[in-house]
Amino acid sequence: MSLTGKTLAAIAVMLMTGTAAIAAPQEFTTFPAPKARHDVKVTVVAEGLDTPWAIAFMPDGRILVTERTGTIRVIKDGKLLADPVAGLPKIEEFKQGGLLDIALDPDYAQNRFVYLSFMEKAVKGPDAKPRDQDKGNRTVIARFTDDGTAFKDMKVLFKGSLVDSGLHFGSRFAFDTEGHIYFGIGERGSQDRAQDLMDAAGKVFRLNRDGTVPADNPFVGRSDALPEIFTYGNRNPQGLATQPGTGLIWESEHGPQGGDEINIIRPGTNYGWPVITYGKTYGLGLKIGEGTEKAGMAQPELYFVPSLALAGMTFYDGGALPFWRGDLIVGLLAGGIARLDVEGDKVVATERLLTDELPRTRDVAVGPDGRLYALIEAGAPDGKLVRIDRK
């Protein structure tokens, strides 16, 4: 039997998205506990933060923390400084939006570039995207130059679709070794946007670090898709992390009730929202979409019932917690952290830790000292930067 070009292409897509033979993923609590474990404790590094969202460790010893309310606070020598970083545009907080992620360029030592994501209010203008509403707000991705005291020379790299909503701004960053920056934007509370390739919502995007579109992005050259899109069908990406060794980009996706997911981000893949999901509607617990699987739509690596409200995450590569090296650590807004023991591209064991000590964990990051840090999200003065140490 001969195969046509269309048939071969269809098989290639099915293999790429993992749907040639759909294997149901495991739920978080069904995995065994890791064999090697640490007893850990939480130490407060700095407090007095107002709704902290993301952490960046600077080579000069400063720790920068974004506050969703619109400022970047500086922690130096264990003290929270009174003056925030200067040079930011005016950023307003609105529901889930405001000042969000921060990341240093992989070549920061040479170029001093820092990336920020934030919400801006706007009206539809001449640069409108196809699905923009007449007015509302959107996620902005911008690059700045850091001079040690202020951010300068703002360059906007991308603006999401303009939507009248306060939900699902997404916007964590990750980098690969080929000069690309990745970021996610949620479907802004309007679920069908995630399946619309002309809509800059419900997607993970990939750009060159100067804001141009990579020539090998999966939808480049199509008239029915935005060229910046790398994946789609993503409800609300809340974490992105690059796995050392493999270079794979992992994503934590904030789902509906019982629908949080961990995904590996692969080019051109449709992750299914809202057509397929393991989640239910809030409150009533009703079915969403068509079920939990469909040809052409990828399955998550694992999902969570109940939802633990996945947030920022990182692969741990430090020396302070040797049993955790190579593991994916995920912040949980429901409390604590999830440790995922990863071998290659597979999760093999899981555990949840520090549910009482970390009441609402917005971000986790590995410091230059090889220790694990986390942000406790709360309004001023209760927001905290903490460190997770062995007992």
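A cavity here is a set of grid points where a 1.4 Å probe fits but cannot get out. With that rule applied to this predicted model, the count of cavities of 30 Å³ or more comes to two.

The largest cavity holds about 40 Å³ of space. Its lining is made up of R235, E253, H254, G255, G259, E261, Y271, W273, I276 and T277, which split by class into three nonpolar, four polar and three charged residues. Two of these lining residues, R235 and W273, also turn up in another arrangement: the charged end of R235 sits over the ring of W273, 5.3 Å from its centre.

The second largest cavity comes in at about 30 Å³. Its lining includes E261, Y271, I276 and T277, residues that are also among those lining the largest cavity. Y278, T292, A298, Q299 and P300 line the second largest cavity too, and by class its lining has five nonpolar residues, three polar and one charged.

Then there's the open space. The largest pocket has a volume of about 910 Å³, and of the 29 residues lining it, A103, F175, T314, A365 and V366 are the closest to its centre. The lining as a whole has 19 nonpolar, five polar and five charged residues.

Leaving aside residues up to four places away in sequence, T314 touches A241, D327, L328, I329, V364, A365, V366 and L372.

On to the rings: there are 12 aromatic pairs. One of them joins Y182 and F230 edge-to-face, at 5.3 Å centre to centre and with 85 degrees between the planes. Y182 lies in strand β12 and F230 in strand β14, so this pair ties together parts that are 48 residues apart in sequence. Y182 is buried, at 4% relative accessibility, and so is F230, at 5%.

Y278 and Y303, by contrast, are stacked, 4.0 Å centre to centre with 15 degrees between the planes. This pair also links distant parts of the chain, with Y278 in the loop between β17 and β18 and Y303 in strand β18, 25 residues apart. Both of these tyrosines are buried. Elsewhere, Y115, F173 and F175 form one aromatic cluster, and the charged end of K121 sits over the ring of F94, 5.5 Å from its centre.

Note on methods. Residues numbered from 1 in each chain as written. Predicted model: local features only at pLDDT ≥ 70, side-chain atom pairs only at ≥ 80, totals over all residues. Heavy atoms only, no water. 1 Å grid on protein atoms, 1.4 Å probe; cavity = no way out; pocket = protein on both sides within 12 Å on 5 of 7 lines; lining within 4 Å. Points joined across faces, edges and corners; volume = space filled by probe spheres on them. Nonpolar A, V, L, I, M, F, W, Y, C, P; charged D, E, K, R; others polar. Contact = heavy atoms within 4.5 Å. Phe/Tyr/Trp six-rings, centres within 6.5 Å; stacked < 30°, edge-to-face > 60°. Helix = DSSP H or I, 4+ residues; strand = E, 2+ residues; numbered from the N terminus. Buried < 20%, exposed > 50% of the residue type's maximum accessible area, 1.4 Å probe, protein only. Lys NZ or Arg CZ within 6 Å of the ring centre and 35° of its normal.
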